[in-house]
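Please read it alongside the sequence and the model shown here.

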Amino acid sequence: MESGNEPSVSEPSEGLVVGVDSGGSGLRIALAEAASGTVLDSLASREPVRTGPGGISAAHFLEQVLPAVRTLRERAAPDSPVARPVLAVAVGAAGMATLGDELRAELPGAFAAAWGVRRLALAADAVTAYAGALGQRPGAVVAGGTGMIALGTDLVSWRRADGWGHLLGDCGSGAWIGRAGLEAAMRAHDGRRGGSAALLARAEKLFGPVAGLPGALYPRTDRPAVLASFAPEVADCAGGDPVAADILVRAAEHVADAAEAVCPADPGALVALTGGLFRMGDPLLVPLRAALGERVPQARTVAPAGDPLAGAVILASALATGTLMLPEDPSLLRLFDDGTAEAATSAQVGSGAVTPDRAGTGHEDRT
């Protein structure tokens with residue numbers, strides 16, 4: 001590790017911050033100006049952090065992050081890479097709430113020893129997705145891909161909806177749309193009402209004879225991804241097939257339901273949609289805009305300003321400058337100072353917000 005005996009500073013303008021986005025596809029690390037949050041440089045690793053009996057491996061995480069930050073600091077200041085101290089770090093990770101015990105136990109001390117940094121935020125990936133999309137403003141963010149989760153805040157507490165996996169929820173997600181499309185294909189195969197000949201043809205082109213699909217699909221451990229792979233076929237058929245079009249209308253209603261459940265009631269709230277699900281275009285977005293207009297008329301839908309890595313940088317910069325407004329929460333956003341956990345006294349967790357994030361939901365897995 002690097003020496004922790006680095007010069008201390010009293011002004012954020014003299015320091016740097018680090019943002020980390022960790023998920024199923026690997027790690028991304030950014031070095032930024034503490035005062036402005038301007039990203040100076042970034043690195044990515046395609047190697048996801050391993051999990052073990054203690055959850056997400058802190059040792060494997062540090063093996064990747066510490067050398068990456070060293071490289072970024074050397075690039076930023078080749079002649080004096082440690083002249084500007086790291087003032088704060090923010091880490092957003094898929095599975096942080098349920099699998100983050102090792103990270104919470106070890107990262108504060110490890111970062112203090114490596115860089116002398118005392119301020120740290122450990123967040124669920126849904127929180128960094130929120131911060132990247134909307135910054136520190138009240139509203140709701142729906143992250144949709146293979147799975148689907150919605151997160152909202154009034155800056156006093158967090159609310160969460162769905163993200164329960166393809167068996168119990170993720171309603172309106174890529175996996176949900178794909179499953180509904182394959183069900184319509186099976187109905188057409190059987191001659192039952194509600195079937196779609198167009199989706200049957202697409203299913204057999206993609207998977208082979210559908211009579212063999214249950215035996216091929218059910219044993220797979222990546223069932224959500226396989227189901228989601230059929231979602232684009234549903235979107236492609238929607239223009240000429242009423243069954244496919246109706247599936248996307250129902251998906252849009254589910255997404256809007258989740259947004260309504262978490263969005264603050266106050267006028268001026270913002271709603272942003274992130275993730276690969278919403279790249280389906282008009283077949284999904286047209287009914288979704290209509291459903292959002294009915295469910296959250298007080299809110300304005302906006303394009304997300306940035307991604308989860310940008311959200312981690314926003315959190316780190318806010319910590320360094322003392323301007324953090326997003327609420328602490330035992331499951332969603334934990335703050336550490338001087339190597340110890342800060343009590344999450346500012347957050348009164350609302351219903352739907354006390355449960356953990358789920359790896360692979362929303363922005364990490366994309367349709």
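Is Asp 257 buried, partly exposed or exposed? With a relative accessible area of 35%, Asp 257 is partly exposed, where buried means under 20% relative accessible area, exposed over 50%, and partly exposed in between (1.4 Å probe, protein chains only).

This is a predicted model, in which local features need pLDDT of at least 70 and side-chain atom pairs count only at pLDDT 80 or more, while totals for chains, interfaces and linings use all residues. Residues are numbered from 1 along each chain as its sequence is written, and side-chain values use heavy atoms, with hydrogens and water left out.

A search of the whole structure finds 15 salt bridges, each being a side-chain nitrogen of Lys or Arg within 4 Å of a carboxyl oxygen of Asp or Glu.

| Pair | Closest N to O distance |
|---|---|
| Arg 295 and Asp 257 | 2.8 Å |
| Arg 220 and Asp 222 | 2.9 Å |

Because Arg 84 lies in the loop between helix H1 (58–76) and strand S6 (86–93) and Glu 33 in strand S2 (residues 26–33), their pairing ties together parts 51 residues apart in sequence; helices (H or I, at least four residues) and strands (E, at least two) are DSSP runs, numbered from the N terminus. Arg 84 itself is partly exposed, at 28% relative accessibility.

The salt bridge between Arg 295 and Asp 257 links helix H12 (residues 282–295) with helix H11 (residues 242–262), the two residues being 38 apart. Elsewhere, salt bridges with shared partners join Asp 21, Arg 28 and Asp 307 into one network.

In the remaining tabulated pair, Arg 220 is partly exposed at 38%, and Asp 222 is partly exposed at 31%.
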